[in-house]
Amino acid sequence: MIDEMSRLENAELDRYQALLAEERASLAAKLEEMGYGNAGDIGLEYDDNFADSSQVTAEKSETETLVSQLRSALLEVNEALVRIEQGTYGICQVCGGEISPQRLEALPTVKQCINCASLHIKKIGK
Ligand SMILES: [Zn+2]
C-alpha cells in the first residue's frame, strides 16, 4: 500500500502533467510534420506503389525508424499521463516503491525506480 505521505503532492503532479502534455504536443507536431498526423493510430503503411529504388528504400527505413521512435516516445508520454490520472504516477511498476523526484524530473515518463531500472539494465545487458 502507498500511504498518503509518499504520494506526490498535487502541485507536483500538475507540473508533471503539464510537462508531459507539452511533450506529447511536441511529439505529435513532429509526427504531423512528417506526415504521420494520426499519432494515435499505429501502423507504418507505405503505399507499395511508392518509388522503390534502393535510395528511397534507405530513406524510407530512416523515416520509419524515426517515426517509430517518436511513436514509442508518444506512447510513453500517454502512459505517464494515464498514470497521473490513475494516481499511480511516480510509483515504481516493479517494486511499488517511490520513484525519486529527481529521477522524475530528468525522465518524466520513467516507470521504474533507480534500483529496479539498474537491475533491469544489468539483466538485458545494456
Ligand atoms: Zn522499483
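**Entry 1: Leu 27**

Leaving out residues up to four places away in sequence, Leu 27 touches Leu 70, Ala 73, Leu 74 and Val 77. I count two residues as in contact if their C-beta atoms, placed from the backbone, lie within 7 Å. My numbering starts from 1 along each chain as its sequence is written. Because the model is predicted, I took local features only at pLDDT of at least 70 and side-chain atom pairs only at pLDDT 80 or more, while totals for chains, interfaces and linings use all residues.

**Entry 2: the helix that holds Leu 27**

I turned to α1, where Tyr 16, Leu 20 and Leu 27 are buried. Buried means that 20 or more other C-beta atoms lie within 10 Å of the residue's own; exposed means 12 or fewer, and partly exposed is in between, with C-beta atoms placed from the backbone. α1 has 24 residues. From first C-alpha to last, α1 reaches 34 Å, close to the 34 Å expected at 1.5 Å a residue. That expected span is 1.5 Å times one less than the number of residues. Gly 35 follows α1, and its phi is positive, near 90°.

**Entry 3: the largest nonpolar core**

Which residues make up the largest nonpolar core? I listed Tyr 16, Leu 20, Leu 27, Leu 74, Val 77, Ala 80, Tyr 89, Ile 91, Ile 99, Leu 104 and Cys 113, 11 residues in all. α1 (10-33) and α2 (54-86) are the elements that give two or more residues to this core. Domain 1 (7-89) and domain 2 (90-126) both contribute residues, so the core lies between them. The domain bounds come from an automatic or database domain assignment. A nonpolar core here is a set of buried Ala, Val, Leu, Ile, Met, Phe, Trp, Tyr and Cys residues joined through C-beta atoms within 7 Å. In soluble globular proteins, nonpolar side chains tend to be buried together.

**Entry 4: Tyr 89**

I checked one of the core residues, Tyr 89. Tyr 89 sits in the loop between α2 and α3. Why does Tyr 89 count as buried? Tyr 89 counts as buried because it has 24 C-beta neighbours inside 10 Å. Tyr 89 and Gln 17 are 72 residues apart in sequence, yet 9.8 Å apart in space, C-alpha to C-alpha.

I found Val 110 in the loop between α3 (101-106) and α4 (114-124). Is Val 110 buried or partly exposed? Val 110 is partly exposed, because 19 other C-beta atoms lie within 10 Å. Val 110 touches Ile 99, Arg 103 and Leu 104, not counting residues up to four places away in sequence. The C-alpha atoms of Val 110 and Ile 91 are separated by 9.4 Å, and these residues are 19 apart along the chain.

Glu 76 is in helix α2. Glu 76 also counts as partly exposed, with 19 C-beta neighbours inside 10 Å. Glu 76 and Val 110 are 34 residues apart in sequence and 8.3 Å apart in space, C-alpha to C-alpha.

**Entry 5: Tyr 36**

I placed Tyr 36 in the loop between α1 and α2. Tyr 36 is buried, with 20 other C-beta atoms within 10 Å. Tyr 36 touches Leu 31 and Val 67, leaving out residues up to four places away in sequence. Tyr 36 and Arg 71 are 35 residues apart in sequence and 9.6 Å apart in space, C-alpha to C-alpha.

**Entry 6: the chain as a whole**

I counted 4 helices and 0 strands in the protein chain. Helices (H or I, at least four residues) and strands (E, at least two) are DSSP runs, numbered from the N terminus. Buried residues make up 13% of the 126 residues. Among contacts with a separation of 6 or more, 56% join residues 24 or more positions apart.

**Entry 7: confidence**

I checked pLDDT, the predictor's confidence in each residue, from 0 to 100. The chain's mean pLDDT is 82, and 73% of its residues reach 70 or more. Over residues 42-50 the pLDDT is below 50, and this stretch has 4 contacts in the model beyond near neighbours in sequence.
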